[in-house]
Amino acid sequence: MAPSRKQQLSVSCCSISLSSPAVALGSKHLVDSLKFLCHLSVTLALGLSDLVEFNLGSPKNVGPFMSVDLKHNILLKFRCHGPPIRFSTVFSSELRYIANELNGIVGGRNTVIAITIWSHFSTFPVEVYIRRLRNIRRAIIQLLDRSPKTLIVIRTANVQELGPEVSLFNSDWYSFQLDSVMRKMFSGIAVHFVDAWEMSVAHYLPHNLHPNEIIVKNQIDAFLSYVCPLQT
């Protein structure tokens, strides 16, 4: 079947197109239980909307959030990364650095970790970003040493709308530099990428820091393609 105009055909991986996340998460190809641990934009986490969310009374965008699928024994946890944070006030008790969180995870074949970290660093020198990524890389290597079958997926940067005000302190050129540093930092270790840059820059929809639902659907498809790869 020919792909629709809404479907992204990646040049880097074989992505499946799903009518909903439940199609993949309930498929016979998936393991019997999964634990998703997300440190990323709320956009991608909320894409797994077939799960039932627990009301933890957490602030919007900040978390922590938790959702479950009792039928398929799936648990999804989300929290925002540590500072810098630009979107809201966050209690200091909820400021968790990704590396520290990774150090507290047992991992294993039923654990999937999704990470995004770039946008809030776009107004800081690249050296600040590099230091943060080094700590995350070290924690990932240690996690994979103790639990090699843990699946780790990193969502890349994406292009954004650059109006007169935003253009004063942001640019896609600098975001691309951060994204290139991130890809290089995690090369050579067992992590996978959801290429949000490719998906957003090539799409007919206008650029947006928080992409349209169509693009998020493609990101979810790519993400679940790693979780539930096609059987050959």
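At roughly what angle do the axes of helix α4 and helix α5 cross? The axes of α4 (residues 126-146) and α5 (residues 172-185) cross at roughly 25° and come within 10 Å. This is a predicted model, in which local features need pLDDT of at least 70, side-chain atom pairs count only at pLDDT 80 or more, and totals for chains, interfaces and linings use all residues. Residues are numbered from 1 along each chain as its sequence is written, and side-chain values use heavy atoms, with hydrogens and water left out.

**Overall layout**

- The protein chain has seven helices and seven strands; helices (H or I, at least four residues) and strands (E, at least two) are DSSP runs, numbered from the N terminus.
- The order of elements from the N terminus is α-β-α-β-β-β-α-β-α-β-α-β-α-α.
- Of the 232 residues in the protein chain, 47% are buried (under 20% relative accessible area, with a 1.4 Å probe and protein chains only).
- Contacts (heavy atoms within 4.5 Å) between residues at least 6 apart in sequence join residues at least 24 apart in 72% of cases.

- Two packed helices are described by the angle between their axes and the distance between the axes.
- Axes are lines fitted to C-alpha atoms, for helices over the stretch in contact, and angles run from 0 to 180 degrees between N-to-C directions.
- The crossing angle of roughly 25° makes α4 roughly parallel to α5 (angles under 35 degrees).
- On the α4 side, the contact is made by Val126, Tyr129, Ile130, Leu133, Arg134 and Arg137; on the α5 side, by Tyr174, Leu178, Val181, Met182 and Met185.
- Nine of these contact residues are nonpolar, none is polar and two are charged; Ala, Val, Leu, Ile, Met, Phe, Trp, Tyr, Cys and Pro count as nonpolar, Asp, Glu, Lys and Arg as charged, and the others, Gly among them, as polar.

**Aromatic pairs**

- There are three aromatic pairs in the structure; rings of Phe, Tyr and Trp (its six-membered ring) pair if their centres lie within 6.5 Å.
- One of them joins phenylalanine 65 and phenylalanine 78, which are stacked (planes under 30 degrees apart), at 5.5 Å centre to centre and 10° between the planes.
- Phenylalanine 65 is in strand β3 (residues 65-69) and phenylalanine 78 in strand β4 (residues 74-78), so this pair ties together parts 13 residues apart in sequence.
- Both phenylalanine 65 and phenylalanine 78 are buried.

**A cis peptide bond**

- Most peptide bonds are trans.
- Proline 83 and proline 84 are joined by a cis peptide bond, with omega about 5°.
- Proline 84 sits in the loop between β4 and α3 (98-103).

Conventions. Parallel < 35°, antiparallel > 145°, perpendicular 65-115°, else oblique. Phe/Tyr/Trp six-rings, centres within 6.5 Å; stacked < 30°, edge-to-face > 60°. Buried < 20%, exposed > 50% of the residue type's maximum accessible area, 1.4 Å probe, protein only.
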